[in-house]
Amino acid sequence: MSNRIATGNFPGAGALSSTGKLFALGLDVVVGIFQRPFQTREFIEQCWFISRVCILPAALVSISFGSVISLQLGSLIRQFGAQSFSGAASTLAVIQQAAPVICALLVAGAGGSAICADLGARTIREEIDAMEVLGINPIQRLVVPRVLASILVSALLFGLVSIVGVAGGYYFNVVLQGVTPGAYVQGFSALSKPTDLLVGFIKAALFGLAAGIVAAYRGLNPAGGPKGVGDAVNQAVVITFIMLFAINVIVTAVYLNLVPPTKF
């Protein structure tokens, strides 16, 4: 009764309450990582499941992303007579922006929706309540392995997408646009830094963290019934997409301010 009175007079109070609960779940997940026993079997099973549904789509999408970026940037750079830097421009665009976003979209769309549906089905069947009655922490038992699996698979997918995207960009720049292989590689090595790869890994890991926590939160709080679970899955995917673009902007802005671009 007091909660209804406290939140009913403020527009958007429900959204603020949900945001607070989402961050509270994130803190519970961080605490649960260090609790024992760690659910190793569940973690491995979730890693395998998310990898199985994401690897092939990630490879296919990265080829198209890499080719489009390479063709567009190569055409633009050629107008300025700087074809030797087309490799650096396209590769950095793939590693810093395209690859982490592709990983996040696939992990959220495929893995996150499955996590949300699984936890939502357990919730409406009152399995979560039964676990709490038995003294089992559902966060540590179910949520932590799934969130860690999302982080790990997203980071590993980043490496796959980067390799495939850069290889596709190399083919389209060198074979179709006539850039010499030496100039392509030299331009990339002249402008790129190890931190460019590191920030891509950080983005992918943060995107996986956001996807796992949002999916778990919506799965643990469905509206009720099978329809509520379906609505929770849709909401989880949409919320994750919004969050990943916000995280991408923040991390990119911080990185560009802390690590100045290479001068040539």
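Colleague: What should I know before I start?

Modeller: The model is predicted, so local features need pLDDT of at least 70 and side-chain atom pairs count only at pLDDT 80 or more, while totals for chains, interfaces and linings use all residues. Residues are numbered from 1 along each chain as its sequence is written, and side-chain values use heavy atoms, with hydrogens and water left out.

Colleague: How many helices and strands are there in the protein?

Modeller: The protein has nine helices and zero strands. Helices (H or I, at least four residues) and strands (E, at least two) are DSSP runs, numbered from the N terminus.

Colleague: How much of the protein is buried?

Modeller: Of the 264 residues, 44% are buried. Buried means under 20% relative accessible area, exposed means over 50%, and partly exposed is in between (1.4 Å probe, protein chains only).

Colleague: Which residues does the "transmembrane region" annotation cover?

Modeller: The unreviewed UniProt entry places it on residues 55–77, 97–121, 147–172, 197–220 and 232–256. UniProt positions are given in the numbering used here, feature names are shortened, and annotations may be inferred rather than shown by experiment.

Colleague: What is the chain doing over residues 97–121?

Modeller: That span is 100% helix and 0% strand, and its end C-alpha atoms lie 35 Å apart. Residues 232–256 are also 100% helix and 0% strand, with 36 Å between the end C-alpha atoms.

Colleague: Switching to charges. How many salt bridges does the structure hold?

Modeller: Seven. A salt bridge is a side-chain nitrogen of Lys or Arg within 4 Å of a carboxyl oxygen of Asp or Glu.

Colleague: Why would such side chains pair?

Modeller: Side chains of opposite charge can pair when their charged atoms come close.

Colleague: What does R41 form a salt bridge with?

Modeller: R41 pairs with E45, and the closest N and O atoms are 3.3 Å apart. Both residues lie in helix α3 (residues 40–79), four residues apart, about one turn of the helix. R41 counts as exposed because its relative accessibility is 65%, and E45 is partly exposed at 37%.

Colleague: Which residue does E42 pair with?

Modeller: E42 forms a salt bridge with R146, with 2.9 Å between the closest N and O atoms. This pair links distant parts of the chain: E42 is in helix α3 and R146 in helix α6, 104 residues apart. E42 has a relative accessible area of 12%, so it is buried, and R146 is buried too, at 3%.

Colleague: Which other bridge involves D118 and R146?

Modeller: D118 and R146 form one of their own, with the closest N and O atoms 2.7 Å apart. D118 sits in helix α4 and R146 in helix α6, 28 residues apart, so this pair links distant parts of the chain. D118 is partly exposed at 25% relative accessibility. Salt bridges that share partners join E42, D118, R122, R125, E127, R141 and R146 into one network.

Colleague: New topic: how many aromatic pairs are there?

Modeller: A search of the whole structure finds two. In one of them, the ring centres of F158 and F201 are 4.7 Å apart and the planes are at 65°, so the pair is edge-to-face. Rings of Phe, Tyr and Trp (its six-membered ring) pair if their centres lie within 6.5 Å; planes under 30 degrees apart count as stacked, over 60 as edge-to-face and the rest as tilted.

Colleague: Last one: what does I124 touch?

Modeller: Leaving aside residues up to four places away in sequence, I124 touches P222, G225, P226 and V229. Contact means heavy atoms within 4.5 Å. I124 lies in helix α4 (residues 86–124) and is partly exposed, with a relative accessible area of 34%. Its C-alpha atom is separated by 9.0 Å from that of G228, 104 residues apart along the chain.
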